[in-house]
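Colleague: I would like to go through this structure with you and ask, for each word you use, what stands behind it. Could you set the values against the cut-offs as we go?

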Amino acid sequence: MKSILLREIKSFFGSATGYLVIAVFLLLNGLFLWVFEGEFNILKSGFADLSPFFTIAPWILIFLIPAVTMRSISDERRLGTLELLLTHPIGVWPIIGGKFLGALALIVLALVPTLVYVGAIGYLGMPAGNFDAGSTMGSYLGLLFLVSAYTSIGIFSSSLTDNQIVAFIVAILMCFALYYGFEGVSELSGAQAGLISSLGMESHFRSMGRGVIDTRDVIYFLSVALFFLALTVHRLKSMRA
């Protein structure tokens with residue numbers, strides 16, 4: 001797994017992909033949070049609060065993570081190297097795990113510079129340092145779990161086709177459906193709204209953002225990630241058979 005992980009990281013930073021992903025993520029967040037007028041502008045909100053960041057970040061990542069993962073397996077299929085990779089004695093799970101962790105590491109690196117925002121809202125607080133640290137850290141933890149789920153979905157989508165664009169579109173649609181789809185349906189479902197909403201990622205992400213880590217939220221995100229990784233492994237094993 002380690003060799004696959006290092007290979008993925010080298011491929012990201014051996015080209016413009018890794019640098020571009022980090023730059024785009026930081027640029028979009030920076031513009032929406034600190035420059036553009038609107039509901040997400042922290043300076044105009046009147047509160048030393050990072051909730052605007054945790055509102056828009058999942059939506060930016062819905063597009064950014066599929067862009068990172070779309071070539072993970074589809075490119076191997078297109079180049080004809082997947083068959084060689086599948087004959088590797090380490091097995092399918094370590095291969096998929098290495099690709100998953102490589103993509104995840106890149107996104108986590110993109111998140112690290114946003115910790116500067118925490119210092120910024122601490123400085124803007126009245127008095128300085130007066131902000132909800134528990135909620136902020138809970139939201140960051142929730143974002144890490146959300147990124148893990150998005151990444152596993154992207155890896156699975158990449159295993160479905162040798163066309164990177166198709167993999168990109170499928171991953172966006174699946175991430176959107178699991179993040180907001182259940183929430184949208186719940187708004188139309190009356191008495192069962194709470195149950196339907198709990199099936200989606202947005203509900204669990206918001207729950208962790210309250211600053212109280214519920215094991216049900218952690219189990220949910222881990223289950224989603226493992227489910228799609230297992231589907232990917234099954235897909236590749238069926239191709240090898």
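Colleague: Where is Ser 72 found, and what makes you call Ser 72 buried or exposed?

Modeller: In this predicted model, Ser 72 is in the loop between H4 and helix H5, which spans 74-79. Its relative accessible area is 3%, and because buried means under 20%, Ser 72 is called buried.

Colleague: Which residues does Ser 72 touch, leaving out those up to four places away in sequence?

Modeller: Ser 72 touches Glu 8, Lys 99, Ile 155 and Ser 158, where a contact requires heavy atoms within 4.5 Å.

Colleague: What makes Leu 84 count as buried or exposed?

Modeller: Leu 84, which lies in helix H6 (residues 82-86), has a relative accessibility of 63%; the word exposed is used for values over 50%, and therefore Leu 84 counts as exposed. The C-alpha atom of Leu 84 is separated by 36 Å from that of Met 201, which is 117 residues apart from it along the chain.

Colleague: How do you know whether Ile 62 is buried or exposed, and which residues does Ile 62 touch?

Modeller: Ile 62 has its place in helix H4 (residues 51-69), and its relative accessible area is 1%, so with the limit for buried set at under 20%, Ile 62 is buried. Not counting residues up to four places away in sequence, Ile 62 touches Tyr 150, Ile 172, Cys 175, Phe 176 and Tyr 179. Ile 62 and Thr 151 are 89 residues apart along the chain, while their C-alpha atoms are separated by 9.6 Å.

Colleague: What makes Ser 148 buried or exposed, and what does its side chain reach?

Modeller: Ser 148, in helix H9 (residues 133-159), has a relative accessible area of 15%, and because that value falls under 20%, Ser 148 is buried. Its side chain reaches the backbone oxygen of Leu 144 at 3.0 Å, and a polar contact is a pair of N or O atoms within 3.5 Å. Leaving aside neighbours within four places in sequence, Ser 148 is in contact with Phe 100, Leu 104 and Ala 225.

Colleague: How many residues does the largest nonpolar core have, and which have the most contacts inside it?

Modeller: The largest nonpolar core has 57 residues, and among those with the most contacts inside it are Phe 25, Leu 50, Leu 143 and Phe 221. Phe 25, for its part, touches residues including Phe 53, Ala 57, Leu 61 and Leu 111. In soluble globular proteins, nonpolar side chains tend to be buried together.

Conventions: Residues are numbered from 1 along each chain as its sequence is written. This is a predicted model: local features need pLDDT of at least 70, side-chain atom pairs count only at pLDDT 80 or more; totals for chains, interfaces and linings use all residues. Side-chain values use heavy atoms; hydrogens and water are left out. Helices (H or I, at least four residues) and strands (E, at least two) are DSSP runs, numbered from the N terminus. Buried means under 20% relative accessible area, exposed over 50%, partly exposed in between (1.4 Å probe, protein chains only). A polar contact is a pair of N or O atoms within 3.5 Å; within protein, one must be able to donate a hydrogen and the other to accept it, and residues adjacent in sequence count only if both atoms are side-chain atoms. A nonpolar core is a set of buried Ala, Val, Leu, Ile, Met, Phe, Trp, Tyr and Cys residues joined through side-chain atoms within 4.5 Å.
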